[in-house]
Amino acid sequence: MIMINRTLLIPTLAALAILASCGPKTVSTRRAVADDQPDGGAYTEKTVPVVTKVAPDGQVTLRFYNDLPDVAYISAADFQSIVLPGSTMVVTHTGVGEYTLDNAGAKAVVNVNKDVFVSSDFNEFTNMMGLLQPGMANVYYDGMPFVRYKSIKNFPSTATVTLDFAKYGIDIHADGKGAVYFPFATLADIYSDLFYHHAGFNGEKVVANTSVNEVSLARIDPDYNKVLLSKKTRSKSMAEFAYKELCFAMDHFYGHPGRVALDESLKTKGMDRTLEEDLAAGPVIKKLLKSTDLAEYFVGMSGLNALYYDGHTSMDISSAMGRDRSKYEDLASEVRGLQEKHKEVMEAIQNGRASMGGRYQEVMAVRQQRPECYGTQDTYIKRGNTAVCVFNSFNTRAEDAWNAYYAGKGPKPNIDDNKGDSMVIFLDALNKAEADPEVENFIVDITANGGGSADIVMAMTSLIMNKSYLSYDNPLTGQRSIVDYEVDRNFDGVFDKKDKDVKYNLNFAVLTSDVSFSCGNLFPSMLKDAGIPVVGETSGGGSCAIQAMCTADGFCFQISSFRSRLNTIAGVNIDSGITPDIPIANDNMVEITGPNDTRMTVKNYKGFYDIEKVGQLVKAKVK
């Protein structure tokens, strides 16, 4: 679609009906005091396509102010209509330069003279989770149909969030007719959540993820990244603004799980000063980040992994080239050359990855030694009175089948047709163990589990301990939250009183290793809170959910989110891992064969997989 350009010196009268991604919408404005004069100066307007996967594709009008001719601005009401189709934002002019934004969920006050945003209910103001379940709070949920949101308690119950855009040189504008304009990327940052709801502008079109639990906007529009990669340079004004906007985003929305070396500096000084003062390669990385050359920008973004790499955060936007980089060989070759040139940046990245320890070697150790001990790669193994259930991620591979089942359009997923799905594996193992009169102990082996869906964790913990919740805090609001979920515990497709009757007469335990990360860390945390034994070694940590973001020029990346920093029920951060109730020694090193027949010296995990011995330890602990 061709973009429509209009250069204006004075804004036109505010339209009451604006064509957006969801079709016509009503924008309401109220005037409590006389209108301000429009600010921001001259601008150009462009009407561009809007692409989502659920609403009909439409259009939206963006503004490009003359002092930042390549930086897209959008009215708050228009943005709201894109990410929450059918919704209405009421804008009230309440003082000199001051506007109240009311989107029916909550309110925010914006001062366009001071460039400040204030909300006493930030989570609800930015809540898109109602797209998954009506009435849901802005919580962690992956959309699996056998789990649903129930309630939330916040401590304290309310908190005021102030975003000082002026500190970052980011301007907010008003048109003098009741509309407030933000940089598109800034609003997208503010609204992005834990279901990967996010939006980007690639210079030609707006693409918004309002439906898919997926980081990449290329899942919504396959051409999204092609547009970004079609140019080898960007303007100086865009480069400067993108850096400032990125500093704002990381200073406010990075979740600070705790493991990165310069975390305290990032919290107290922010990204810009930390690069300048506390990282040897930081000034070079900053220069690359502000470069107009695309390849240099790529290397600069990957350099931020020196600061933020925690197992969840990935700042490497060169992933936009995809796995088959032969399509962009010139750009990929230039990036490789710059990596060779800037060895100090690459060394800093490697040092940043040190926060994840020797996890690669331990993954190799676990995945080789475990089947040798179990004698099989099966997901259910029994020895005497002990059964073991094995899965390496909390994955949702049968998501379509589960959705069809709960919609009454398909059979209940089973192990024969969905062998790789974690929920199917777990239910199959539980039912086999419960039906076997010999089995007393049930061990959940997540020693090679690197994480996955929290919904799967919610369902599994519900079956084991008859309750399902998440405990986390929010570094931006300063609140702690406990969120309760409901689970269809008998998996009959209905949430009802019969779910309370489900009970398994087994001695449960979870087997962990340093490889057990993210949800592989959350699962043992919740079980330990409930008194279920943790066996093995301290799990690998990981205390934040993932949030999808876009740079001001449209490239996607992901961070550990501020919205959910996971805690024990007592409020203790779990990033350092869960210590076992029944530790098993593995400090005598052994050699294994690694890739390309290389020899690797690794921990000896064989004691973890002595099923009968572990069963005895669990039974003794439970009794």
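## Two helices at an angle

Helices α8 and α9 are oblique to each other. This is a predicted model, and in it α8 covers residues 282-289 while α9 covers residues 294-303. They pack at an angle of about 135°, and their axes are 7 Å apart. Because angles over 145 degrees would count as roughly antiparallel and 65 to 115 as roughly perpendicular, this pair is called oblique. The crossing of α8 past α9 is left-handed.

Which residues of α8 meet α9? They are I285, L288 and L289, and on the α9 side they find E296, Y297, V299, G300, M301 and G303.

## A covered helix

Next, have a look at helix α16, residues 454-465. Its 12 residues reach 16 Å from the first C-alpha to the last, close to the 16 Å expected at 1.5 Å a residue.

Is α16 mostly covered or mostly open? It is mostly covered, with 12 of its 12 residues buried; among them are A454, D455, T461 and M465. The elements that cover these buried residues include the strands β12 (147-155), β21 (469-474), β22 (479-487) and β23 (507-512), along with the helices α15 (422-435) and α17 (519-529).

## A serine inside a strand

Finally, find S560 in strand β26, which spans residues 556-566. S560 has a relative accessible area of 0%, so it is buried.

What is S560 in contact with, leaving aside its neighbours within four places in sequence? Its contacts are F253, Y254, G255, P257, D310, H312, T313, C544 and A545.

Technical notes
Residues numbered from 1 in each chain as written. Predicted model: local features only at pLDDT ≥ 70, side-chain atom pairs only at ≥ 80, totals over all residues. Heavy atoms only, no water. Axes fitted to C-alpha atoms, helices over the stretch in contact; angles between N-to-C directions. Helix = DSSP H or I, 4+ residues; strand = E, 2+ residues; numbered from the N terminus. Parallel < 35°, antiparallel > 145°, perpendicular 65-115°, else oblique. Left-handed = near helix turned anticlockwise from the far one by under 90°. Contact = heavy atoms within 4.5 Å. Expected span 1.5 Å × (residues − 1). Buried < 20%, exposed > 50% of the residue type's maximum accessible area, 1.4 Å probe, protein only.
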